[in-house]
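Subject: Structure handover

Hello,

I am passing this structure on to you. Please look it over before reading my notes below.

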Amino acid sequence: MKPFDIVVVGGGGAGLYAAMEAMKTNPSLNIAVLSKVYPNRSHTSAAQGGANAALANKAKDDTVEMHVFDTIKGSDYLADQDAAEVLCSEAPKIIRELDNIGTPWSRMDDNTIAQRPFGGAGRPRCCYCADKTGHTILQTLYEQCLRKGVFFFNEYFVLSLSVDDSRMKGLIAMNMRTGKIEAFRARTVIFATGGYAKMYWNRSSNAAGNSGDGQAIAYRAGIPLKDMEFVQFHPTGLRKSGLLVTEGARGEGGYLINIKGERFMNRYAPEKMELGPRDLVSRSIETEILEGRGFDSPAGQYINLDLTHLGADLIKSRLPQIREMSMYFEGVDPIEEPIPIRPTAHYSMGGIDTDIYGRTPMDGVYAAGEAACVSVHGANRLGGNSLLEILVFGRIAGHTAAEEAGRFDPGEISRQELEASEHELREFMKPSGHYERYGALREELGQTLAVNVGIFREAPKIEKGIADVRELKERFRHVRVFDTSDVFNTNLIQVLELQNMLDLAETVALGAYAREESRGSHTRTDFPKRDDENWHKHTLCTWENGKAVLGEKPVTMGKYELQERTY
Amino acid sequence: MGEHKEEMRDVTFRVLRFNPQVDNKPYFDDYTIPVEKGITVLRALNYIKEHVDPTVSFRAFCQAGICGSCGMRINGISKLGCTTQVWDELEKCKVPNVIKVEPLRNMPHIKDLIVDMDPMVEKMKKYSNWVESTMPESRMGEKEFLIAEEEFQEYDKATDCILCASCMSECSILRANKEYVAPAILLKSHRMNVDSRDGSHDRRMSELVKDHGVWDCTHCYRCQETCVKSIPIMDAIHGIREDAMVTRGAKDTSGARHAEAFMEDIAKKGKLVEATLPIRTNGIGWTLKNLLPMAFKMVMKRRTPPPPPFVKSSKGIKKFREEFSEMSGRVKGEQKDHKK
């Protein structure tokens, strides 16, 4: 196959925007998008709430500076300030651009794009399409990519980055339809594969495939991962499934109620109440539950999210999906009863280390979106900033790759490399006496992470977590794939995803162990204070000869000084 | 908390299996597993894959009813596995306690419950299922379009579509003709047509009124009945037709003439005048050339069609029309008030 100028891995919001922008930057380039699902299935579709931008449609005094400050404060000062500046100043432009190409943003009475309040934001600046924002953005981008004739390789699972002496030559991927291992020679590669929070398995709101494939592939190729310990727990996951109830439900005025009937957020964030930042609200709920003020049920303890006072009309018009989900998955109609919720692993702030142009430390390799860590979210992401990030930095990465593709020559990917890959996969299918069930490992991984590297962390627990993950990695070597067919072998795919999650889980636990402070989503009960003197820095995790090695990187500061973070 | 325990029972899932590498044709495998009340069909399939048979293949991703991956036929009806409760399906089983799970129809079969979605994507491209913005690319991002509530309402519901292809699987036309545009594509096409930001209505319409396009639909309403997001797909189909006839003057297609002939007959007589329908739809030349030989052949095979009946006007049709138009005028007025 002819070498590609750009291969985008992942067809969600970041990947599609990157492809679209790259085509716009240089229409003569040969661009491909590889995705393990049809792009319109990507997890971007599940983002309900919206995307922040200081359009000042709703609050006339909103400014980009205020958005920057909210983002930096929300990040607990771990965000790089230059990155946050880029994010927020590009925001209005990108929202309007999406409007220009067909995104059905909800409107206000004056026909401008509607905005609503969101957690941790000083002004109502979250632009939305009812509670299907991510879905409609993804559809729009997919439509435009089809219009522009982007070349899609749907249902391809990327196995590895082909690298010679730290020079990237392209990708090795499996065509899921045929089982064939194929080489994709490329001048540049953009990873836009989404997050890794599914490693918390049943305690995660993520799609089944959010296994951090891109991060794991980059990591094993020697590219450092940044701030992996920061995993955001969304305050309101459905009790039984971990599926998400959007922050929009609180933005529209929902209350959090404990068993005593109290709106307990007045103890934790008296000013912002339910609209405090996510990490704080999650900890508050968890504390209520731990201190015995939660509700009991066979499916675990929970807290109520009460929308009944909002009335049927508002719930039906603004939160239709939430109502549907509550009914499908909890058997509760939020018009009549409160929704049982508890925090759920939702978003990975950490990811592939990139600069503000989307470049990773390896030449020709870029990353964007949840797969990357620029970092704009630092220790805690604000609601409405993730959709924004995938759009802004997806676009930037696409632009950078298009500009720089000419600098790199695609190397040859040898037959031996492909054969080695194939051999590795076949090994999983070999019958042997003792074998492990991948389903069991996956569940155990989620369990140990939720308990030991969850919302509240401390040294002995994390040590246990690290030991558990390493033991699971050992046991993984005996996992057996029973489906030996070539065509659409989902058994094999799930095992490969588990492998990626296991490799990343170790970096999460190691980061959590090293960081002896509490910052944003990372709460160490044995180090309850933020420690700017020793820990105002990013952690880096690099794979060296099969071992995870921790390093660090300074935070880029700007005009905002370190302050205590209160709401 | 023992007394809170959810109801459990053993349920059999009869899953269609097919591996093109070894099987000549599809067959069914039965899996009987313990199921708790409140579990979805997708979770049951996950359980089967993890605990009973890892080779059962199906697509699944978000598991929350928004990505559209897990479209499949459950007890004969196309829907999403992840939003379908096992307990609800138990009431619909043909064989008691056996839930039948099959792949979507009308798309090429790949393996077990997996079908090829490429034909859908190809049709999205063929019918320009995108907004081709009236804003020049160089000026994008500078300002937003102002969009009134009335316009937004026109396509709001259509943007709920998650392309799960359930409607395509149930579509009776697609079953007969794989080239047919398909309901989801018509829905999306109409959503683009009524969007004031789009500048390619005419090109899209010219494709939609061609063969295999909007006029092939026979109003069976299966798409709308099956839509997992309860989108009124038929409204979009009618919308495109109206659009084609009224505003874009695309009356010169057999589909449009056929519809007009229906309208005319019902308005005048309250009944269809079938005898002259082919002539009015396709013209005298076409009718003589295509239908006369067929009629002749039928006569030769002693399958003589009965002579077309003479159609008399129904009694009171004029009065009924008047009352009906007054009523529909009132309903439309009320709808408008309600939207405000």
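The notes below cover conventions, chain A as a whole, one of its strands, and then chain B.

The model is predicted: local features need pLDDT of at least 70, side-chain atom pairs count only at pLDDT 80 or more, and totals for chains, interfaces and linings use all residues. Residues are numbered from 1 along each chain as its sequence is written, while chains are lettered from A and ligands numbered from 1 in the order in which they are written.

Chain A overall

Chain A holds 16 helices and 21 strands; helices (H or I, at least four residues) and strands (E, at least two) are DSSP runs, numbered from the N terminus. Along the principal axes, the C-alpha atoms of chain A fill a box of roughly 65 × 55 × 50 Å.

Of the 567 residues in chain A, 64% are buried (20 or more other C-beta atoms within 10 Å of the residue's own, with C-beta atoms placed from the backbone).

For residues 5-387 of chain A, an unreviewed UniProt entry lists "domain: FAD-dependent oxidoreductase 2 FAD-binding"; such annotations may be inferred rather than shown by experiment. This stretch is 29% helix and 22% strand, and its end C-alpha atoms are 26 Å apart.

Strand β9 of chain A

Strand β9(A) (residues 181-191) is largely enclosed by the rest of the structure, because nine of its eleven residues are buried. Its pairings are listed here, where two strands pair if DSSP finds at least two bridges between them.

- β1(A) (residues 4-9) runs parallel to β9(A), with five bridges; Val7(A) stands opposite Val189(A).
- β8(A) (residues 167-175) runs antiparallel to β9(A), also with five bridges; Ile172(A) stands opposite Ala183(A).
- β16(A) (residues 365-367) runs parallel to β9(A), with three bridges; Tyr366(A) is the bridge partner of Ile190(A).

β8(A) and β9(A) form a hairpin with five residues between the strands, where Gly179(A) takes a positive phi near 80°.

Chain B

Chain B is divided into domain 1 (8-114), domain 2 (126-133 + 147-250) and domain 3 (256-335), with bounds from an automatic or database domain assignment. The centres of domain 1 and domain 3 of chain B, taken over C-alpha atoms, are 45 Å apart.

Regards

Key:
A residue is buried if 20 or more other C-beta atoms lie within 10 Å of its own, exposed if 12 or fewer, and partly exposed in between; C-beta atoms are placed from the backbone.
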